[in-house]
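Please read the following report alongside the sequence and the coordinates.

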Amino acid sequence: MAFSSLLFVTLFLPLYVVLYWASPRRARNYTLLGLSLVFYAWGAPRFLPVVLALGIIDYYLALSIEARRGTRAGKWIVGVAVTMHLSVLAYFKYSNFFVGELSTILTDLGAAKPLTWEKVALPIGISFLTFEEITYVVDVYRGDAKPSRSVPQYLLFLMLFPHSIAGPIFRWKDLEGQLKARGEKLDDVVFGLSRFAWGLSKKILVADAAAITADAAFSHGPAELTAGIAWLGAFAYALQIYYDFSGYSDMALGLGRIAGFRFKENFNDPYISASITEFWTRWHMSLSSWLRDYLYIPLGGNRRGEGRTRVNVMIVFALSGLWHGANWTFLLWGFYHGALTVLERTAVAKSWRMRAPRWLAVPVTFALVVIGWVFFRAADTTQAFAFLHAMAGLATPPAVAKMVPAVLVPNRSAAFMTLGIAFVIARAVFGAPREDGRYRWAFVAASPVLLVLSLLQIVNTQFVPLIYFRF
Amino acid sequence: MATGAAKTAAKLAYVVGMLAFAAAGTANMVWPRVEDAKLNGVEAAAKRPELTWQTARAEGFQKDFTAWFEQHWGLRGYAVRTDNTIVKALFHEVRAGQATILEGGLLMSREDLNYVNRDDPPGPTVAYAKKIARVQAGMRDRNVVVIPVLIPAKTSFFRESIPRSWQRRGAFGLSDENLYRTFVRTLRELHVAFVDARELLSDGSPDHVFASPGRHWRLSAGCRTLQAAVDAARPDLPEIGHDQFDCTTHVNHDADVEEEDYDLFRLLNVWEHKPEGVNVEVLSATSAPASLRVSTVFVGTSFVWKFVRIAKQLEVLRPALFYSYNSSVVDGDTLFIFKKVEPFTDAWRKDTLGKRLIVVGILETYLPTDGNQFFTELDEELDILPPVEDAPPRKPDDPTPDPPPAPEAEAGAPPATEAGAPADAAP
């Protein structure tokens, strides 16, 4: 059940608010856990027992780790826990990919027929869950967090429905206190609902409008891809993915806020970054900080010389790419960002970054990010390279677009993409609305309008009538 | 300054208002209080699923329930119409579906717009025309007259209303030459008796062929074309002599928006009154000479409904069957579907080869596939069966009896008056 679905907005959300606030304060976490279980069971019923089992195993492993912290046995248990979670992730997320690739290799080597394999369904939110579970046991081992003393409380941390589809990635140590007591107030509901409405409108009004153009452009074959269409498609996708993902994060933060949770922000205007390094401090911040703390630093970070640092950066970005999806395109996307980050560490680039004015560095960085999104959006590496080929203006003979402009960029798509760009610029110039003052009430007052417009579109998008039935 | 209590009351009102708005449609679905606004157009009905352990575990229940919920949401009609009205007012376009708004509010189907941008090679169209010629000759040997009728695309009459944003390269595609002209030229070269309604109807205003808010052609255009089809068949139908039917029409000043001339407008589902000045036509005559009652099969898409209804009102070309999309068989009197088209069965042979006249509507938009399957089936059939050498022409008052139609449409089908085929689906 996506947060932007009619079922969620018009049934689950009102039920959530009413049930949560109607519950006695001491029972609210149980209400929330119950709702989270229903939410998860709706989307991935077959995987629910696995998540619950992993959560309970984690709970006891963490207690065991706490009792043996600093010993070899404790380290060994952490190793078992991490291996278990990575194995689950590998099975559900990567087995189809690896078996497919292996089958291709064997076929190329002369195997009579491809491997037969019943595809494994990808459970929702598994990538986020895995990282959160690993974080929990590692933090307990490091002494950065105390293990939970309550199974329901730990399960609530794992399954809390606002973050179970698309994050942000939680850390137990950040939420532990809030899970015990939040002191939620009416203000939390007001700002939570407002934040949800803003997130919903970012997804429905802007991201979906940009998706029309992105999808249309990416449906062109190599012979139909002009440089203009390729750039337009990549640019539209850049807007789509930002407004989609950050909108989803806004909805998650808003939903959490309704229950008094203060989740960490996941985006901070990434498209006004003046370098790729800066971009990664603003984009999907819960992931980039996780990778820094649990992968990059354990690998040695930048403490072992420049050469090793570069290798570490490449490893982190490659794994980050694979984390996003089991496909060569994601791996290439990771390598691309890793390579750019390594490049920015060179003396020449550092010098350029020092001297280049921000008004120049921001658009250059944005263009580099847009190019990278081609890997992320393309169905396969062939399409990705065809796109980049076209973007470089190398298409010969000249491509002929298969779509008319009115289909490629309908008026509403153009209008909302423009609005999306204007919004990014406005936030850069005037600052983002803040709950503690700046544009606070404008933010709240605009929310009902955005909710209405989004809801109308959600309903209408489902209705695609024909004049007649076909017989 | 607002007091603390007033602030709390305002915040509470805000929360209640937001939730009430979000939940209003769901509440109205569960406890209907407000009658929802009507939506035009048809869609596949979503059934409420039964909750079982198996269906929930396989996620089938969740998927089906979501579809059912979305279709039955209590304020769906109001939401769709309001959103469409906003999108149309702000962006001069529609959210989804086949209607497209062009200059001056002219409505066009997306398929017709696609047609003018097509660059198909002429080969398949030539092959199609040759197949038609072969079938027409073979059926003539069996005393059945087959008349293909090329029904024009709306875009062929309103080229100047199509803006550059609906042209692929700032110009129209090659469909005019490679599809339309190739088809017509080849049929002529092969001496096929046929009707080119695009040419036939080009002598007047385009508004007399298509209404601005409609996808399908107008009544008088359809009637003139049917007249031309009878004229084309006349040399092989000596029993009808020189008789004609009357295509005079008058304007229905009280025409309802449900009339076919408003079908694309209806599909917009906006809060607007129906467009003015459409002048919905009504056939003035109610009968025609009895000699024109020759048994007939009509074949084609929803455009062919015009022929079927005109023939019914004028009591000509009967008894009649209509192979809607060459898929469902409609009775020409009741206008109800009563069975499927099942090629190469005895019933099909009796229905098809037992008639005197077969009128096949070929929509220009769908060249070279529209009607192709029907001709392919007849082509194969003619390969199987030898020609009837000495069979005398049957008399118009001695038609092959048709099976009695069941007075009901298929499950889930709209009323018979709407039992056409979707204009957007290539046959």
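## Chain B and its sheet

In chain B, residues 24 or more positions apart account for 77% of the contacts with a separation of 6 or more, where two residues are in contact if their C-beta atoms, placed from the backbone, lie within 7 Å. This is a predicted model, in which local features need pLDDT of at least 70 and side-chain atom pairs count only at pLDDT 80 or more, whereas totals for chains, interfaces and linings use all residues. Residues are numbered from 1 along each chain as its sequence is written, and chains are lettered from A and ligands numbered from 1 in the order in which they are written.

Chain B contains 13 helices and 11 strands; helices (H or I, at least four residues) and strands (E, at least two) are DSSP runs, numbered from the N terminus. Of the 427 residues in chain B, 43% are buried, a residue being buried if 20 or more other C-beta atoms lie within 10 Å of its own, exposed if 12 or fewer, and partly exposed in between, with C-beta atoms placed from the backbone.

An open sheet of 7 strands with mixed pairing runs in the order E4-E3-E11-E7-E8-E9-E10 in chain B, and two strands are taken to pair if DSSP finds at least two bridges between them. Its edge strands are E4 (195–196) and E10 (337–340) of chain B, each of which pairs on one side only. Helix H9 (residues 219–233) of chain B lies across E3 (145–151), E4 and E11 of chain B and runs at about 145° to E3(B); axes are lines fitted to C-alpha atoms, for helices over the stretch in contact, and angles run from 0 to 180 degrees between N-to-C directions.

## Strand E7 of chain B

How many of the residues of strand E7 (residues 296–300) of chain B are buried? The count is 5 of the 5, so strand E7(B) is largely enclosed by the rest of the structure. In a regular strand the side chains alternate between the two faces of the sheet. Both faces of E7(B) are covered, with B:Thr296, B:Phe298 and B:Gly300 buried on one side and B:Val297 and B:Val299 buried on the other.

E7(B) is joined to strand E8 (residues 320–324) of chain B by 5 bridges, and these two strands run parallel. From E7(B) the chain passes through helix H11 (residues 305–314) of chain B to E8(B) in a right-handed β-α-β crossover, a term that applies if, with the strands pointing away from the viewer, the path from the first strand over the helix to the second runs clockwise. E7(B) also pairs in the parallel sense with strand E11 (residues 357–363) of chain B, over 4 bridges. Within these pairings, B:Thr296 stands opposite B:Ala320 in E8(B) and has B:Leu357 as its bridge partner in E11(B), while B:Val297 stands opposite B:Ile358 in E11(B).

## Backbone features in the loops

| Cis peptide bond | Omega |
|---|---|
| B:Arg318 and B:Pro319 | about -5° |
| B:Leu367 and B:Pro368 | about 0° |

B:Pro319 is found in the loop between H11 and E8 of chain B, and B:Pro368 lies in the loop between E11 and helix H13 (372–384) of chain B.

B:Glu59, with a phi of about 65°, lies in the loop between helix H2 (53–57) and helix H3 (60–72) of chain B, and it is partly exposed, with 15 other C-beta atoms within 10 Å. B:Asn279 has a phi near 55° and lies in the loop between helix H10 (263–268) and strand E6 (281–283) of chain B; B:Asn279 counts as partly exposed, with 16 C-beta neighbours inside 10 Å.

## Contacts of chain A

Between the chains, 44 residues of chain A are in contact with 65 residues of chain B. The largest share of the side of chain A that touches chain B comes from H19(A), with 9 residues. That side of chain A divides into 34 nonpolar, 6 polar and 4 charged residues, where Ala, Val, Leu, Ile, Met, Phe, Trp, Tyr, Cys and Pro count as nonpolar, Asp, Glu, Lys and Arg as charged, and the others, Gly among them, as polar.
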